[in-house]
Amino acid sequence: MNDIKLTAIVFGASGLTGRFVVEHLINDIDYGEVRLFVRKELMINNTKIKQIVFDTDKLESFSNELTGDHLFCCLGTTIKKAGSKNNFYRIDHDMVERVAKIASHNKVKSFVVISSIGANRNSHNFYLKTKGQMEESIRTFHFNNLTIIRPSMLLGIRPEYRFGEEIVKKIFSLANPLMIGSLKKYRGIHASTVAKAMISLAKKSVGYKIIESDQLDNLLIEN
């Protein structure tokens, strides 16, 4: 790329995929500044990093800081961690929608967001329905590049331990070689792979795209 460095914005930097996005952005020479919107400051010491500690209820008051070239939205929680379905919806749908609205208004070029495999606004599963509605909501905003990533089970070590999830991860790791053909997109995928693909897509994609889990590895191979 040219000598003009890109500015990245990251929401959800403390999560599993968000941490890898930040790590890869720090090591990517195309980016000169990485703005992290966080609820509390993270233990990261790098000259590229600018941390913006904000109140989620007052996001709009930080809109002047939400500027840059590429925004990586890794926001997401669980109903158990959120405490209720309503709180889960506020984070995984409403918060993502609010971020996208401000970013679009501020003319951020690329908006890359993590959804979920099976996301569907008409699903009977609350989690998948929420993700599907989120996807539909952010499509109403304008970006040069809007990319939705639908990963399967994310592999990697989370900052917080989730016993049930760790068991599922082990099952997925063992079952991955058996998932071929139409089942391939359900293979577990490492969060680092998702993060690398998100950055690649932010740089090179134009228009609106939904990328399924099994396409992410191929994207990295092609690049």
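## Terms and model

Contact here means heavy atoms within 4.5 Å. Helices (H or I, at least four residues) and strands (E, at least two) are DSSP runs, numbered from the N terminus. The model you see is predicted, so local features need pLDDT of at least 70 and side-chain atom pairs count only at pLDDT 80 or more, while totals for chains, interfaces and linings use all residues. Residues are numbered from 1 along each chain as its sequence is written, and side-chain values use heavy atoms, with hydrogens and water left out.

## The sheet

Let's start with the strands. Seven of them form an open sheet with parallel pairing, in the order β3-β2-β1-β4-β5-β6-β9. Two strands pair if DSSP finds at least two bridges between them. At the edges sit β3 (49-53) and β9 (207-212), each pairing on one side only. On average, neighbouring strands of this sheet are turned by 15° against each other, direction ignored; axes are lines fitted to C-alpha atoms, for helices over the stretch in contact, and angles run from 0 to 180 degrees between N-to-C directions.

Now follow some of the pairs. β2 and β3 run parallel and share five bridges, and V38 has V53 of β3 as its bridge partner. Strand β1 (residues 6-11) is joined to β4 by four bridges, again in parallel, with I9 partnered by L71 in β4. Strand β5 (residues 110-114) also pairs with β4 over four parallel bridges, and there C73 stands opposite V113.

## Covered places

Which residues cover the two sides of strand β4 (residues 70-73)? H70 and F72 are on one side, L71 and C73 on the other, and all are buried. Buried means under 20% relative accessible area, exposed over 50%, and partly exposed in between (1.4 Å probe, protein chains only).

Helix α1 (residues 16-26) lies across β1, β2, β3, β4 and β5, and runs at about 165° to β1. Eight of the eleven residues of α1 are buried, including F20, V21 and L25.

V34, found in strand β2 (residues 31-38), is buried because its relative accessible area is 0%. Its touching residues, not counting those up to four places away in sequence, are A8, V10, L25, K48, I49 and K50. V34 and K48 are 14 residues apart along the chain, yet their C-alpha atoms are separated by 5.7 Å.

## Nonpolar cores

In soluble globular proteins, nonpolar side chains tend to be buried together. A nonpolar core is a set of buried Ala, Val, Leu, Ile, Met, Phe, Trp, Tyr and Cys residues joined through side-chain atoms within 4.5 Å. The largest one here has 33 residues, and V10, L25, L36, F72 and M198 have the most contacts inside it. At least two residues each come from β1, α1, β2, β5, α6 (191-204) and α7 (213-222), with α6 giving the largest share, eight residues. Apart from this core lies another, of 25 residues, among them L75, V108, F143 and I148.

## Two packed helices

How do helix α3 (residues 85-105) and helix α4 (residues 126-138) pack? Their axes are 9 Å apart, at an angle of about 15°. That makes α3 roughly parallel to α4; angles under 35 degrees count as roughly parallel, over 145 as roughly antiparallel, 65 to 115 as roughly perpendicular and the rest as oblique. Residues making the contact include F88, Y89 and V96 of α3 and F126, Y127 and M134 of α4.
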